[in-house]
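I opened this notebook to keep track of what I looked up, and in what order. The entries follow below.

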Amino acid sequence: MPAVAQWELRARFAHALSAMYGKEVPAYTTLVEVTQQVNATVLAERGSGAERLGSIERVSAERHGAIRVGTADELRQVGQIFAAMGMHPVGFYDLRDTGPAPVPVVSTAFRPVSADELARNPFRVFTSVLAVDDRRFFSTELSEQLESFLRRRTLFSAELLELAARAEALGELPEPVAARFLQLATDSFALSAEPVDRAWYRTLEQVSSVAADIGGVASTHINHLTPRVLDIDALYTGMQHRGLEMIDAIQGPPRWDGPEVLLRQTSFRALAEPRLMRNPDGSVEPGTLRVRFGEVEARGIALSRRGRDLADKASSTASQRAIEDGVEDPGERQRLAAQTWSQLFPATERQLLLDGLGHFSFDAVARTDRTAPPRQLAGLIEGGWLEATPIVYEDFLPRSAAGIFRSNLSGHGTTDPAERGSQRDAGWLAAALERDVHASEDLYERQQSDSLDRALSVLGLDAAELVD
Ligand code: OOG
Ligand code: NI
């Protein structure tokens, strides 16, 4: 039997989760269908230009998942399972102090980190861990109850973790062990049929419905699986026509005339799903919970640190203007944002590159003339010596993540801002995971500079020789 490499475990896992989630949440299947229709239309209209940010094969198979766990231990275990599939923690997101409805979690994304691995299969999972000891959300008493509840549950079996460690160490798994590993991994994210303790769930829900979703039940589940679409505005209206209630707006940069950058996301509202409830007298009856939703995203060019600062400035300027002008209509807000964006950002991909705002990978272009190449990046590009291809943004945006969380919360919850928050940062995350956490900017920078070095050496140049 042939061995199954990590990337193939990842691809098969994404596929298995998608099949399972489609059965659990039929609206997800609708979302995938509309996504496929939109992608086919865009491909027909724009031809190969539609594939500038990824082949249609990659984009069609592309998904991100979102999961939520309760403790540092559970996070470490999840990290082990993803490491088996070549998915590594990238980035630290703190969602506890994001605007009107803070969420008591910090997050990271597990994903492949090299360009080759991303091209094989880019599956990524946005993973949040509850800040159980954050006094702004949980009183000392509730926090202790929560900790003891979480200590008593087991999300991932010893067999699953052992197989994951083996896959990480070997870089692959033989069949039929691979199939067994994938079955166990997929099952651990299925919605449980176990009755939910109604009183305990309600207690946590008063603090935050995310806390209840994480700590109110004895298992975890996939919260959503997100396909990638080539025209998110068309998708948004397509879903509305099919009667799904979408959140108010598309999160992230607006649609505008210039290059697509970073990430735009939107979601349909969490649906009521049947769940068994256990009453205080021990009786069990059918009930419903609204926690799982459907999300879709469009990915654009990864921005440099400077580009990212400019994007943050554009979005805060746009919100500021909307507030000043009393603009509430989501369509009007988008128009205002697009206008702000065109004032601040270059309108072409080439200019984004030359201004050092976006990330690109470079290839040397074969030439027949014998002139010497210029020693300047702009000259090499303008003169056709180097070809630049945009690097796709593979990560998430904290503001959008907070917006997605928020628009799907059932209530606003309660917090006490005067209380002490618990200390969480990228260092805490790495210690909990017992793994290094990559900074996404470093990954993009390295990918860009490695490709530039390779392309320049083909031209007989060295990056150190380039002048501005
Ligand atoms: C995660 C919400 C954030 C995204 O794509 O930004 C998110 C969650 O609901 O668990 O999925
Ligand atoms: Ni998501």
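I began with Leu-262, which I found in the loop between helix 11 (232–241) and strand 9 (263–268); helices (H or I, at least four residues) and strands (E, at least two) are DSSP runs, numbered from the N terminus. For Leu-262, a residue other than glycine, I noted a positive phi near 55 degrees.

I noted that this is a predicted model, in which local features need pLDDT of at least 70 and side-chain atom pairs count only at pLDDT 80 or more, while totals for chains, interfaces and linings use all residues. Residues are numbered from 1 along each chain as its sequence is written, chains are lettered from A and ligands numbered from 1 in the order in which they are written, and side-chain values use heavy atoms, with hydrogens and water left out.

I then looked up Pro-176, which is in the loop between strand 6 (172–174) and helix 8 (177–187). The peptide bond that joins Glu-175 and Pro-176 is cis, with omega about 0 degrees.

Next I turned to ligand 1 and listed the residues around it (a residue is near a molecule if one of its heavy atoms lies within 4 Å of it). Among them are Ala-66, Arg-68, Phe-126, Asn-223, Phe-293, Phe-396, Ala-401 and Phe-405. I sorted the shell into six nonpolar, four polar and two charged residues, where Ala, Val, Leu, Ile, Met, Phe, Trp, Tyr, Cys and Pro count as nonpolar, Asp, Glu, Lys and Arg as charged, and the others, Gly among them, as polar. Strand 2 gives the largest share of this shell, three residues.

I also checked polar contacts (pairs of N or O atoms within 3.5 Å). An oxygen atom of ligand 1 is 3.1 Å from a side-chain N or O atom of His-64, and an oxygen atom of the ligand is 2.9 Å from such an atom of Gln-265. For Glu-295, a polar side-chain atom lies 2.9 Å from an oxygen atom of ligand 1. The elements that give two or more residues to the shell are strand 2 (63–69) and helix 16 (398–407).

His-64 in strand 2 and His-224 in strand 8 (residues 224–227) are 160 residues apart, a pair that links distant parts of the chain.

Note on methods
Polar contact = N/O pair within 3.5 Å; in protein donor to acceptor, adjacent residues only side chain to side chain.
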